[in-house]
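This report describes a few local features of one protein model. Look at the structure first, then read on.

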Amino acid sequence: MDESMEDEASKVLRQDLTCPVCQNIFSDPVLLPCTHSFCRECVQRSWKFNKKCPTCRNHFTEDQAITNRDLKNACETFVRQSNWRNPPQPSEFVCNLHQKPLELYCEKDEEPVCVDCAILHSTHRLLSIKDGVPLCKRELFCKLDIFEKKVDLHRRMKHRFTKAVDYVKHQAEEAEKQIKEEFEKLHKFLYAEESKRLEVLASEEKEKITTLQEKISKTEEHLKSLKEHVDTLNKELGNEDLPLLMNFQKIKRQAEWTKSDPRICHSDLLNMSTHVGALSFTIWKKMKDCVKYNPVVLDPNTASPWLALSSDLTSMKENPERLTVPDNPERFDPCVFVLGAEGYTSGKHKWEVSVGDNPKWIVGVCKESVVRKRKFTLSTNRGVWAIGLSKGVYTALTPQRPELPVNPRPEKIRIKLNMDKHEVSFWDAMTATFLISFSFELDIPLDEKVYPIFGPGLHSTPMILAPGKIAMHTS
């Protein structure tokens, strides 16, 4: 046999000993029930994604792959005899299995195949390469369009994020200003209280010292007089017996002392308990006169761009121009509403809202999942339990829109929320007149929060959250 024939035989043998998956000489080959062989590692890797034979697509289980010892021995002999190391790489445009040109496209498997592979794709739709290319390009153009839209979205969002950075800086500046103003008020109060208490302490100290110094002077006078009495008695005691007895009554009268003995009284000392006893608590109690408590404050991140909130987040009114604020998911837009900062899932809560003479307003509560980014009709079946004024008529915001009998016109509305009973009620805060109540036990999940909601309308007169009463209890 000449050399060319040997090379051809070696090439054919190499092809028979090549794994159809990795295109290398079999390594630890295994035999599947369909009689096809593959490297054990190739089968294991393929089985994780598709539990079918890579060649004929018959199903098999992992334990059905048995070692093909004869093929393994043949591969080892071939490698040893031919000193084969690096197999030739097949052309990227020919079938790896049959080494024939790729002339067909399988629509289901989305891959080009040769004519001999057609039997393996008998149930699939096969197209010519010419017909398959437009099909793939059409899908890729769709993906390209999606990615181009995403690129545009990401560019716009980058711009919004940049604007949001500026807005956060503005928020921080406003918050810092407000914090400093509030602490300045507290500092002034504490400084004034400190000065007053030190002044009272200094005054009492001066008074006590003056009293004690007066006692010192009087004690010195008494001490001088007592020494004179001692000297007189010592002199008389040195006389003869008869003269002593003759002058005894006189000496006895002169030796009498009727003045009280000096002593330090409780009133001579500082009343320390008045000055430093429970000092911090006493000052804290007095601080309630210079602080304000609001049961509810507003969440500016939910406020419509057409609403202007006060710096302490307790009042709201129309803003003449649309504010430049981030379009975050929590913000109402285009509806002109704002929520309270805290949501509730339990407990009893109460707050009051001064509506004044505003011709249009809405107050109440809503569930956390209420619509934010489109107009909607406020109603109990939309997760909003509220009352409102519009065109001079007070109504309960239910689907039936019943009119509320109100007389006189309420200037302040009281809202009582009982989450344990899933009930909210509305009152005229000035006259303590009950207006209406809603029950929402069946309308909201147990774990969803309920938030105060306010709609001041587009008016320049502010809607104000009334401060609550501060009470201190000790036990």
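Arg372 is buried (under 20% relative accessible area) yet has no salt bridge, the nearest side chain of opposite charge being Glu368, 6.0 Å away. A salt bridge here is a side-chain nitrogen of Lys or Arg within 4 Å of a carboxyl oxygen of Asp or Glu. The model is predicted, with local features needing pLDDT of at least 70 and side-chain atom pairs pLDDT 80 or more, while totals for chains, interfaces and linings use all residues. Residues are numbered from 1 along each chain as its sequence is written, and side-chain values use heavy atoms, leaving out hydrogens and water.

Arg372 sits in the loop that links β11 (361–367) to β12 (384–390). A polar atom of the Arg372 side chain is 3.4 Å from the backbone oxygen of Val370. Residues that Arg372 touches (heavy atoms within 4.5 Å) include Thr302, Pro329 and Phe332.

Ser280, in helix α8 (residues 279–287), is exposed (over 50% relative accessible area), its value being 62%.

Seven strands form an open sheet with antiparallel pairing, in the order β7-β8-β18-β10-β14-β15-β16. Two strands pair if DSSP finds at least two bridges between them. Strands β7 and β16 stand at the edges, each with a single partner strand, so one side of each has no neighbour in the sheet.

| Edge strand | Residues |
|---|---|
| β7 | 307–309 |
| β16 | 433–439 |

Strand β15 (residues 423–428) runs antiparallel to β16 and is joined to it by six bridges. Asp428 stands opposite Thr433 in β16.

Terms used:
Helix = DSSP H or I, 4+ residues; strand = E, 2+ residues; numbered from the N terminus. Buried < 20%, exposed > 50% of the residue type's maximum accessible area, 1.4 Å probe, protein only. Lys, Arg positive; Asp, Glu negative; His and termini not counted. Polar contact = N/O pair within 3.5 Å; in protein donor to acceptor, adjacent residues only side chain to side chain. Lists of a residue's contacts leave out its neighbours within four places in sequence.
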